[in-house]
Amino acid sequence: MNIILISIFALLSTLLGGLFALRFRDKLHLILGFSAGAIIGVAFFDLLPEAIELGSSKYDISFLTMITAIGFISYMILDRFVFFHSHGHEENENNSKAVLGAGSLSIHSFLDGIAIGLAFQVSNAIGMIVAIAVLVHDFSDGINTVNMILKNGGDRKSAFKWLIIDAIAPVLGIFSTLFFTLPSSVLGITLSVFTGFFLYIGASDLLPESHHSQPTYWTTLATVLGICVIFLAIKLAGI
């Protein structure tokens, strides 16, 4: 019963975040600034610590952070060179960036669901702690997914489609753990890769876009707020 309720809450939290971004599109630069901070905060305070904790039984920290760097570099190469060869059409390039970004966020949400399911396999108490942390930043995941589409020229229909995919992803992740168990070391490496992805998306993509042709004062505050919200939410969830 706990798994079913948490699956519903994860879906609703993601949907609410995305609908918030769609409703206040005229404030997109502030939302982008907040999203940049949130996604960087998730990378530093959630994904990376989880990757180290899960992978430390088999790998040392320097190896896991190297995997994070490889993830960052891999996303950078995709962003700068794969899209660069999009036949010279800006629309195709933007569509590719939107799909890669939203797809990455959706896969991350799926892994979030796996993390919840595996945590409940250990104990209900650990499962609830992990679930609270995931639910808190699922709202930001919804915002980030919608922004990834809108900022790359996508329309509201496309943004909503990817929002639905992102909202369903953690539910699928949770229920998938009823059929398999994933070694913690493998999940640690996977989360390390996505830490690199998210650091690139936040610092090299969302952050510059947030203050492009906009006053940097408020967008900077929004970014700091995004980081602080994620930090506090994860800390409180871990109490």
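Me: Which helices each supply at least two residues of the lining of the second largest pocket?

Reply: Start with the terms. A pocket is an open set of points on a 1 Å grid over the protein atoms alone, with protein on both sides within 12 Å along at least five of seven lines; a 1.4 Å probe fits at the points, and lining residues have an atom within 4 Å of a point. Helices are DSSP runs (H or I, at least four residues), numbered from the N terminus. Here, α2 (28-55) and α8 (216-237) each give at least two lining residues. Among the lining residues are Phe20, Lys27, Ile143 and Leu225.

Me: How far can I trust this?

Reply: This is a predicted model: local features need pLDDT of at least 70, side-chain atom pairs count only at pLDDT 80 or more, and totals for chains, interfaces and linings use all residues. Residues are numbered from 1 along each chain as its sequence is written, and side-chain values use heavy atoms, with hydrogens and water left out.

Me: What classes of residue line the second largest pocket?

Reply: Sort by residue type. Ala, Val, Leu, Ile, Met, Phe, Trp, Tyr, Cys and Pro are nonpolar; Asp, Glu, Lys and Arg are charged; the others, Gly among them, are polar. This lining has 9 nonpolar, no polar and 1 charged residues.

Me: Is phenylalanine 180 buried or partly exposed?

Reply: Phenylalanine 180 counts as partly exposed because its relative accessibility is 30%. Phenylalanine 180 sits in the loop between α6 (156-176) and α7 (184-210). Across the protein, buried residues make up 49% of the 239 residues.

Notes. Buried < 20%, exposed > 50% of the residue type's maximum accessible area, 1.4 Å probe, protein only.
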